[in-house]
Amino acid sequence: MGGSYKMRLNKTFIREWILPILFLIIIGFFVIGSSPVFKTNPWVDSNAMLTMGKSMLHGLVPYRDVIDQRGPLLYALFAVGASIKGTSFSGVFFLQLVNLSVVYYLARRIAQDLKQNVISPKYAGFMGPLALVGTRAFSMSGAPEEFAFTSVLYLLYVLNHYRQRVGDIPLKTYFWLGLNLSFIFWNKYSLSGSYIVFFLWVAVELLYKKDFKKLFKIIGASLLGFLLTAVIVAIYFGLHNAFKDLINIYFVQNLTSYRQTKQSFLGQFWYLLYLMGMQLKTHFIVFIFIICGWLKAISEKKHVVIEVAMYFGAILFVCLQHWLDDYYTLIWMPFFAVALIRLLRLQKLRTAVFDKKLLAPVKILLVASLIIMPFVNNDNLYHLVVNGEKHSLNGETHQAQEQFSKIMKSDYKKPSLLMINDLDEGFFLATDILPTTPFWQKLNMNYKQLPKMYWSFEKNMRQKAVDFVIINVQAPPTSDRKTVLLQAKESIDPHLHDALLYNYKVRSVASNSTNTYYVLFEKK
C-alpha cells in the first residue's frame with residue numbers, strides 16, 4: 001500500500017511540476033537569445049556582461065581592471081554562467097532557465113493565494129513566464145531587468161499572500177525582502193523603485209499607527225537581509241583595494257554623468273513626465289491589462305493602493321536614468337503577470353470553464369499564448385541567427401565577428417582589442433579574449449560626460465598597447481584605403497583621430513547587414 005501511494009505521489013509531482021517546467025524549458029530554447037539553438041546572443045549588453053563575468057573568473061576586478069556601468073552582482077551572475085561555459089552563452093542560458101522556473105513557481109503561488117479556482121494554478125502560473133518573455137521588453141534576453149523581474153514578482157507574491165496588510169508580514173519574510181532588494185540594488189539600482197515605495201509605505205503606516213517597536217524590528221530584519229549581500233560586495237572590493245573604484249564608477253559616474261542634462265528643474269520635471277508617458281505608450285495594451293487587473297481586485301473588495309503606488313514607483317525610478325530603452329520597462333512587467341492571473345477570474349471565463357466542454361480549449365489557449373506571444377510581440381527575436389543558418393530572418397549575420405576573429409588569432413596567440421566607438425557586439429567572445437585595458441569598449445557617454453574614457457583610448461592607441469582596434473562605420477567600406485580611413489575618421493571622436501590613424505593600419509573590413517559595417521585596424 002505504501003508503495004502504491006508513493007507511486008501515485010510521484011505521478012502527481014511529475015504531472016503538476018515536472019511537466020510544466022519541462023514545457024517552459026522547451027519554450028526557453030526558442031525565445032531566449034542565449035539559447036544553444038542560436039549561434040550567439042548578439043545583444044551588446046549581454047556580450048558586455050559576459051565579458052565582465054569572464055574577466056572576474058580570471059582575476060580581473062570590475063571598475064578597477066575592467067570598466068562597465070552595471071552592478072557587481074550582475075557580473076558575478078554572468079561569471080557563474082561563464083564558469084559553466086566560457087566560450088558561449090550556454091551557461092548564462094542555464095541560469096536564465098532557472099530564473100524562468102522560479103518565475104513560474106512564484107506566479108503559481110500567487111494564483112493559489114488569489115484563490116484561482118477557475119483555472120488550475122498549474123496553468124495560471126504560466127502567466128508569470130508569459131509576462132517575462134512575452135513582450136518586446138524581453139529583447140534578446142540577458143538584461144539586468146530579467147533577473148530583477150523575479151525579485152519584484154516575489155514582492156508582489158508576499159504582498160498578495162498577506163492581503164496587502166504589511167503589518168501581518170512576518171519578520172523572516174522582511175529579511176527575504178531585504179535580501180531581494182539587495183539583489184536588485186547591486187544588479188542595477190534604478191530598478192529598486194517598487195521596493196523603495198513598499199518600504200516607505202511600511203514606515204509611514206507604522207509611524208502613523210505609532211507602532212515603533214514593530215517598525216524597528218522590520219527595519220532590523222530588512223536591513224539584515226540587505227546587508228548580507230552588501231557585506232559580501234564590500235569584502236570583495238575591499239580585499240582587492242577597489243572599493244573606491246566601485247563607488248566612483250557604479251555610483252558617482254552613473255549618477256552624475258550618464259545622460260546628464262543641463263535643463264532647469266522645471267524642464268527636468270517636464271522631461272520626467274514625458275519619459276513616464278513614453279513608457280506607458282510603449283506598452284499601452286499591457287498598461288490597460290494592469291489597470292483591468294486592479295479594477296477586478298477592487299470589484300472583489302480587495303486593497304490595491306500600495307500595489308498601484310509600487311507600480312508607478314517602478315516607472316519613476318526607470319525615468320530617473322534620463323533615458324529610455326524598451327528593455328527598461330521589463331522591471332514593471334511583474335504587475336502584468338499579477339493582472340493576467342486576476343483576470344482569469346472573470347465571471348464569463350468562469351462560466352465557460354464550468355462547462356466541461358470548454359475547459360480543455362481554455363487550457364490549450366493559455367499554453368499556446370506562451371508559445372505564440374513572444375513571436376507576436378518581440379521582433380528582436382528576428383535578429384537571432386539559428387544554428388545551421390547563415391543569417392537571421394531580417395538578414396543579419398555574424399560574419400564580421402567570425403572574420404575578424406580568424407584574422408586576430410592567426411596573427412597573435414592572445415590578441416588584445418579595443419572598441420573605441422561602439423559597445424562590444426560579440427568580438428571579444430568570438431575571439432575568446434579578455435580586455436587588457438580598463439576602458440575596453442565605448443560606453444554611452446560623450447567626451448564631455450566621461451573624458452577619462454577617451455583619454456584612456458588615446459593613450460593606449462598612441463602607445464600601441466592593444467593589437468587591434470575595431471571601428472563601427474556608418475557607410476559600406478570600400479576597397480579604397482583612403483576612403484576607408486576617412487570613413488573611420490568620421491565615425492570616431494575627434495580626440496582619437498591622430499592616435500588611431502598614425503599608429504594603426506586597416507587590416508580588414510566586414511559587414512553583418514546592409515546597415516552594419518566594421519573596420520579592423522591592426523597596430524603598425
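Biologist: Are glutamate 307 and arginine 342 buried or exposed?

Modeller: This is a predicted model, in which local features need pLDDT of at least 70 and side-chain atom pairs count only at pLDDT 80 or more, while totals for chains, interfaces and linings use all residues. Residues are numbered from 1 along each chain as its sequence is written, and side-chain values use heavy atoms, with hydrogens and water left out. Buried means under 20% relative accessible area, exposed means over 50%, and partly exposed lies in between (1.4 Å probe, protein chains only). Glutamate 307 and arginine 342 are both buried.

Biologist: With which residue does glutamate 307 form a salt bridge?

Modeller: A salt bridge is a side-chain nitrogen of Lys or Arg within 4 Å of a carboxyl oxygen of Asp or Glu. Glutamate 307 pairs in this way with arginine 342, and their closest N and O atoms are 2.9 Å apart. Helices, for their part, are DSSP runs (H or I, at least four residues) numbered from the N terminus. Glutamate 307 belongs to helix 14 and arginine 342 to helix 15, so the pair ties together parts that are 35 residues apart in sequence.

Biologist: Which residue forms a salt bridge with aspartate 326?

Modeller: The partner is arginine 136, with the closest N and O atoms 3.3 Å apart. Aspartate 326 lies in the loop between helix 14 (305–319) and helix 15 (333–343), and arginine 136 in the loop between helix 6 (127–133) and helix 7 (144–161), so the pair ties together parts that are 190 residues apart in sequence. Aspartate 326 is buried, with a relative accessible area of 18%, while arginine 136 counts as partly exposed at 32%.

Biologist: What is the area buried between domain 1 and domain 2?

Modeller: The size of an interface is often given as the accessible area lost when the parts come together. Here the buried area (1.4 Å probe, summed over both parts) is about 1600 Å², of which carbon and sulfur atoms give 63%. The domain assignment, whose bounds come from an automatic or database source, gives domain 1 (11–251 + 269–341 + 373–383) and domain 2 (399–523). In contact (heavy atoms within 4.5 Å) are 25 residues of domain 1 and 19 residues of domain 2. Two salt bridges are found across this interface.

Biologist: Which residues make the nonpolar surface patch?

Modeller: Patches are made of residues with over 30% relative accessible area and no salt bridge; like charges are joined within 9 Å, and nonpolar side chains (Val, Leu, Ile, Met, Phe, Trp, Tyr) within 5 Å. The nonpolar patch, about 880 Å², is made by Leu207, Phe212, Phe216, Ile219, Leu223, Leu227, Val231, Ile235 and Leu239. Accessible areas come from the Shrake-Rupley method with a 1.4 Å probe; for residues, only the protein chains shown count as cover. Helix 10 (residues 212–239) supplies the largest share of the patch, eight residues. Phenylalanine 216 is in helix 10 and counts as exposed, at 59% relative accessibility.

Technical notes:
Helix = DSSP H or I, 4+ residues; strand = E, 2+ residues; numbered from the N terminus. Buried area = accessible area lost by both parts, 1.4 Å probe.
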